[in-house]
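Q: I've got this one open now. Can you walk me through it?

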Amino acid sequence: MTKKLLLFIFLCLTTALFSQKSLQKLATAPNPFYSSTTISFNATSKQPIFLVIKNILGKTVYKKMHTTKIGKNEIFFNRDNLQAGIYIYAIRSRKEIVSKRFIIK
């Protein structure tokens, strides 16, 4: 019985420790947009991240490194020469990747 209880406590603790996300509440406003948008998210620690944008075919069309601060972070994105369409944007840290989509009109 004691072994089962210890195993249960161990599994609960490891699940709680590894399930904490360092990047949360990823959003883009405005979406859809014509020329520029702001990508916002919350970070639980200061860390280097990559903003990666891929077209609908999966080809990387933009990649840039940023350093987060604790709390709310915003990245200004200008469409430059990207064509109108649907794109997948991702914030990639050492521990996780969080992605969503935006539309360029």
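A: Start with β6 and β7, which run antiparallel and are joined by 8 bridges. One example is I86, whose bridge partner in β7 is I103. Keep in mind that this is a predicted model.

Q: What sheet do β6 and β7 belong to, and in which order do the strands come?
A: They sit in an open sheet of 4 strands with the order β4-β3-β6-β7, and the pairing is antiparallel. The edge strands are β4, covering 60-67, and β7, each of which pairs on one side only. From one strand to the next, the twist averages 20°.

Q: How many strands are in the other open sheet, the one with β1, β2 and β5?
A: That sheet has 3 strands in the order β1-β2-β5, again with antiparallel pairing.

Q: Why is one side of β1 and of β5 left without a neighbour in the sheet?
A: Both strands stand at the edges and have a single partner strand each, so there is no neighbour in the sheet on one side of each. The twist in this sheet averages 20° from one strand to the next.

Q: How many bridges join β1 to β2?
A: There are 5, and the two strands run antiparallel. Q24 is a place to look: its bridge partner in β2 is N42.

Q: Back up a bit. What does the whole chain contain in helices and strands?
A: It has 1 helix and 7 strands. Along the sequence the pattern reads α-β-β-β-β-β-β-β.

Q: What share of the residues is buried?
A: Of the 105 residues, 29% count as buried. The accessible surface of the chain is about 7,500 Å², and carbon and sulfur atoms hold 60% of that.

Q: And what fraction of the contacts links residues 24 or more positions apart?
A: Such pairs make up 54% of the contacts with a separation of 6 or more.

Q: Next topic, the core. Which residues touch the most other members of the largest nonpolar core?
A: The largest nonpolar core has 17 residues, and I39, F41, I91 and F102 touch the most other members. At least two residues of this core come from each of β1 (23-29), β2 (36-43), β3 (48-55), β5 (71-78), β6 (85-92) and β7 (97-104).

Q: What does I91 touch?
A: Not counting residues up to four places away in sequence, I91 touches L23, L26, I39, F41, I49, F50, L51, I75, E96, I97 and V98.

Q: I also clicked on N55. Is it buried or exposed?
A: N55 is buried: its relative accessible area is 19%, and the cut-off for buried is under 20%. The residue lies in strand β3.

Q: Which backbone nitrogens does the N55 side chain reach?
A: One is that of L57, which lies 3.0 Å from a polar atom of the N55 side chain. The other is the backbone nitrogen of K59, at 2.9 Å. Leaving aside neighbours within four places in sequence, N55 is in contact with V61, I86 and Y87.

Q: Now E74. Buried or exposed?
A: E74 is exposed, with a relative accessible area of 54%. This residue lies in strand β5.

Q: What is E74 in contact with, sequence neighbours aside?
A: T38, I39 and S40, once neighbours within four places in sequence are left out.

Q: How far is the E74 C-alpha from that of T28?
A: The two C-alpha atoms are separated by 9.4 Å, and the residues are 46 apart along the chain.

Note on methods: Residues numbered from 1 in each chain as written. Predicted model: local features only at pLDDT ≥ 70, side-chain atom pairs only at ≥ 80, totals over all residues. Heavy atoms only, no water. Core = buried A, V, L, I, M, F, W, Y, C linked by side-chain atoms within 4.5 Å. Buried < 20%, exposed > 50% of the residue type's maximum accessible area, 1.4 Å probe, protein only. Contact = heavy atoms within 4.5 Å. Pairing = 2+ DSSP bridges. Axes fitted to C-alpha atoms, helices over the stretch in contact; angles between N-to-C directions. Polar contact = N/O pair within 3.5 Å; in protein donor to acceptor, adjacent residues only side chain to side chain. Areas by Shrake-Rupley, 256 points an atom, 1.4 Å probe, with all protein chains shown as cover.
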